[in-house]
Amino acid sequence: MSAPATKRTRPAKAKPLDLAAEINSRHEELVGLARKTVKMAIEIGRLLEEQKAKLKHGEFGPWCKEHLSFSDKARARYMNLYRKRDEILKIVTMTNLSLTDAYRYLGEGDPIMEEFHLVDAEEKASLASRERPLTVEEQEAKARLKARLDAANA
């Protein structure tokens, strides 16, 4: 004998307010992760600066090549974030600044695109020489960040 057919039930429709709460909760979680990512990158920069101070002149580059699993460019970015941490952390507390945004704010291009070789050699050279003009979006983002920073310093 075959088993009796069971009636399929549809889940109750979620109420719009429940969905809004879920969406807002996920957004806040994502913002928190972005802030944590920037802070972690700054901490990596601090550790790199600490290691550099322990070594003699000329030993840091070879030490990095031997012990680190990421590029010299990534190392330089971490260290630059650490050196400018006060400015970056002010912005992070006022905005939803991502790690990529922080690098762009410092004028260092897009690390994801460069790290995973998603830019061609010509564009990479332009980014490295910082001759590439900012896009309208980058100019607007930088202006907004500068305005917020100026307002915080006022």
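**Aromatic rings and burial**

Reply: In this predicted model, the charged end of Arg85 lies over the ring of Tyr82, 4.0 Å from its centre.

Me: What makes the charged end of Arg85 count as sitting over the ring of Tyr82?

Reply: The criterion asks for CZ of Arg within 6 Å of the ring centre and within 35 degrees of the ring normal. For Arg85 and Tyr82 the distance is 4.0 Å.

Me: How many aromatic pairs does the structure hold, and why is the pair of Phe60 and Trp63 called stacked?

Reply: There are 2 aromatic pairs in the structure. The ring centres of Phe60 and Trp63 are 6.3 Å apart and their planes stand at 10 degrees. Ring centres must lie within 6.5 Å for a pair, and planes under 30 degrees apart count as stacked; the pair of Phe60 and Trp63 is therefore stacked.

Me: Where do Phe60 and Trp63 lie?

Reply: Both belong to helix 2, 3 residues apart, which is about one turn of the helix.

Me: What makes the pair of Phe70 and Tyr78 edge-to-face?

Reply: The centres of Phe70 and Tyr78 are 5.4 Å apart, with 85 degrees between the planes. Planes over 60 degrees apart count as edge-to-face, and the pair of Phe70 and Tyr78 is accordingly edge-to-face.

Me: Is Tyr78 buried or exposed, and why is Phe70 called partly exposed?

Reply: Tyr78 has a relative accessible area of 17%, so Tyr78 is buried. The value for Phe70 is 28%, so Phe70 is partly exposed.

Me: Where is Leu55 found, and which residues is Leu55 in contact with, its neighbours within four places in sequence aside?

Reply: Leu55 is in the loop between helix 1 (16–54) and helix 2 (60–67). Those neighbours aside, Leu55 is in contact with Phe60 and Trp63. With a relative accessible area of 22%, Leu55 is partly exposed.

Me: What is the secondary structure of the protein, and how much of the protein counts as buried?

Reply: The protein comes to 8 helices and 0 strands. Of its 154 residues, 26% count as buried.

Conventions. Residues numbered from 1 in each chain as written. Predicted model: local features only at pLDDT ≥ 70, side-chain atom pairs only at ≥ 80, totals over all residues. Heavy atoms only, no water. Helix = DSSP H or I, 4+ residues; strand = E, 2+ residues; numbered from the N terminus. Buried < 20%, exposed > 50% of the residue type's maximum accessible area, 1.4 Å probe, protein only. Contact = heavy atoms within 4.5 Å. Phe/Tyr/Trp six-rings, centres within 6.5 Å; stacked < 30°, edge-to-face > 60°.
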